[in-house]
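Trainee: I am new to this structure. Could we go through it in questions and answers?

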Amino acid sequence: MISITAPLILPHRLLPLNRNPSFPIRSSSSLQERELSSVLYASAPFPPISAAKRVILVRHGQSTWNEEGRIQGSSDFSVLTKKGEAQAETSRQMLIDDSFDVCFSSPLIRSKRTAEIIWGPREKEMITDSDLREIDLYSFQGLLKHEGKAKYGAAFRQWQVDAANFNIDGHYPVRELWARARSCWNNILAHESRSVLVVAHNAVNQALVATAIGLGTEYFRVLLQSNCGVSVLDFTPRPEGGSPFICLNRLNQTPNSPIATGSSGGRKSSRRLVLVCYGATQSNTEATHGDLPLNMLGIIQSQKTAELLLDLKVHSIISSPKKACSETSLAISRVQEAADCLGADCVPRYVEMKQMEHLDVESVLQQPNRDASEVSALQPGWLNGYEDRITSEVWHQSEKAWQSLLSELSDESEPEKILVVVGHPALHIALMGHCLNLTKEWMGSFHVDAGSISVVDFPDGPTSRGVIRCINYTAHLGRWSIPITRSIIGDEEF
């Protein structure tokens, strides 16, 4: 086993940071500050690569200090619980047939043990990198959360609500973490490998995802990382060289259901959007064809999604008027309304079904496209293949849809409200971009597959920032799920 020990690298300058972490909807100069901060991260080049590379991030399984509610930081006193060992074993089974060239791991016991379980009998090298350790929280480490609140008061409150500007013992932990994550990427991308497993921690995995796609420290706690959650990033070389194209292929694919009741980043949420991509249609290139119904695989995918959502009490299903969307919505509705017969509820459920014209982005994508004769929605960053006129129209139309969805969620007549939104992959990518207050230039940085779901929670209500619980979750599709490390495009890509 190889170990990399590096000194703590602090940023040589402080980046402009958003001082209002609630992400109010498109308001005031705070959006400009967020954009400026993220543009600085996006503009910092990554080392060039010679071939496509896929990096799979896994957070460690539940630890003893996770179970106790104790602040771990980069301390190394906790170990995996029995549940944590089981989670790691589930992740091992999930990745057992997938090919990796190398494994990078945090040196901390809880992460290293998770890596050993997942890596199993593989004989290829494991590398421990000290930069992959969890966030350094200094005097907070080892405290129970109520102890931190009692002992540090205002500082603990700032850690909860404005972590990017949180200062303790003369340090800005989140800023230091972002700088350290960039150092990790240099080591990972410099390694001669095409499929890389990285096993680390909650905060550092958030920082790795965010810095890869160019997001600043204000996005801390926005991209959820659950115990043994899997996130995937694709790095594609540019023909002209330089920093590669980077696409977040999936976020937080967990061993357990992503829609299970619980908290998002430690906070309960009574408002949720579940973004459902309709399944395969009677066309091989869904991005460029007309209004087509689901094929047999798409029908199976819609049923699998309906089964997954049975554990949620859905208030409304809102879809594009396209045939595939309507068919998927109907499948979900029928299973929801049969919840009592299926043993998921004690009474029948009534689900409101609506159609929203602004969700129909397929019509926009079917316009003549001079930048590419045919764009495959299977490719990482496939939206980059459209000319600016088309992506701009998708972006502006989806913004209207986003505002309408937030308005639907704002209705306080229900104590809890879950909306299922059924549409095209491009729509869901754009909606998540609006959730993160990004611009259309970021659309190529995300990917979702047919039949997938993505989940956005609003623990502080729909007028505040959303927390992305998962992106492109496909494990519910069973034998039809998308492999994590093997590309569906062909061996030439990965």
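Trainee: How many bridges join strand β10 to β14?

Mentor: Strand β10 covers residues 271-277, and β10 and β14 run antiparallel. Strands are DSSP runs of E of at least two residues, helices are runs of H or I of at least four, and both are numbered from the N terminus. Two strands pair if DSSP finds at least two bridges between them. For β10 and β14 the number of bridges is five.

Trainee: Before we go on, what kind of model is this?

Mentor: Residues are numbered from 1 along each chain as its sequence is written, and side-chain values use heavy atoms, with hydrogens and water left out. Local features need pLDDT of at least 70, side-chain atom pairs count only at pLDDT 80 or more, and totals for chains, interfaces and linings use all residues, since the model is predicted.

Trainee: Which residue of β15 is the bridge partner of V456?

Mentor: Strand β15 (residues 467-473) pairs with β14 in the antiparallel sense over four bridges. V456 of β14 also stands opposite L273. In β15, the partner of V456 is I468.

Trainee: How many residues of strand β14 are buried?

Mentor: Buried means under 20% relative accessible area, exposed means over 50%, and partly exposed lies in between, with a 1.4 Å probe and protein chains only. I453, V455 and D457 point one way from β14, while S454 and V456 point the other way. β14 (residues 453-457) is largely enclosed by the rest of the structure, because the buried count is five of the five.

Trainee: How far apart are the end C-alpha atoms of helix α7?

Mentor: Helix α7 (residues 173-190) is largely enclosed by the rest of the structure, because 15 of its 18 residues are buried. The expected span of a helix is 1.5 Å times one less than its number of residues. For α7 that gives 26 Å, which agrees with the separation of its end C-alpha atoms, 26 Å.

Trainee: D129 is buried, so which side chain of opposite charge is nearest to D129?

Mentor: D129 is found in strand β4 (residues 126-129). A salt bridge needs a side-chain nitrogen of Lys or Arg within 4 Å of a carboxyl oxygen of Asp or Glu; Lys and Arg count as positive, Asp and Glu as negative, and His and the chain ends are not counted. D129 has no salt bridge, and the nearest side chain of opposite charge, 7.1 Å away, is R133.

Trainee: With which residue does the side chain of D129 make a polar contact?

Mentor: A polar contact is a pair of N or O atoms within 3.5 Å; within protein, one must be able to donate a hydrogen and the other to accept it, and residues adjacent in sequence count only if both atoms are side-chain atoms. For D129 the contact is 3.0 Å, and the partner is N187.

Trainee: How many disulfides does the whole structure have?

Mentor: A disulfide is a pair of cysteine sulfur atoms within 2.5 Å. A search of the whole structure gives a count of zero.

Trainee: Which cysteine sulfur is nearest to C277?

Mentor: C277 is in no disulfide. C277 counts as buried because its relative accessibility is 2%. The nearest cysteine sulfur is 9.1 Å away and belongs to C325.

Trainee: What is the phi of N252?

Mentor: Most residues other than glycine have a negative phi. N252 lies in strand β7 (residues 245-253) and is buried, with a relative accessible area of 2%. Its phi is positive, near 60 degrees.
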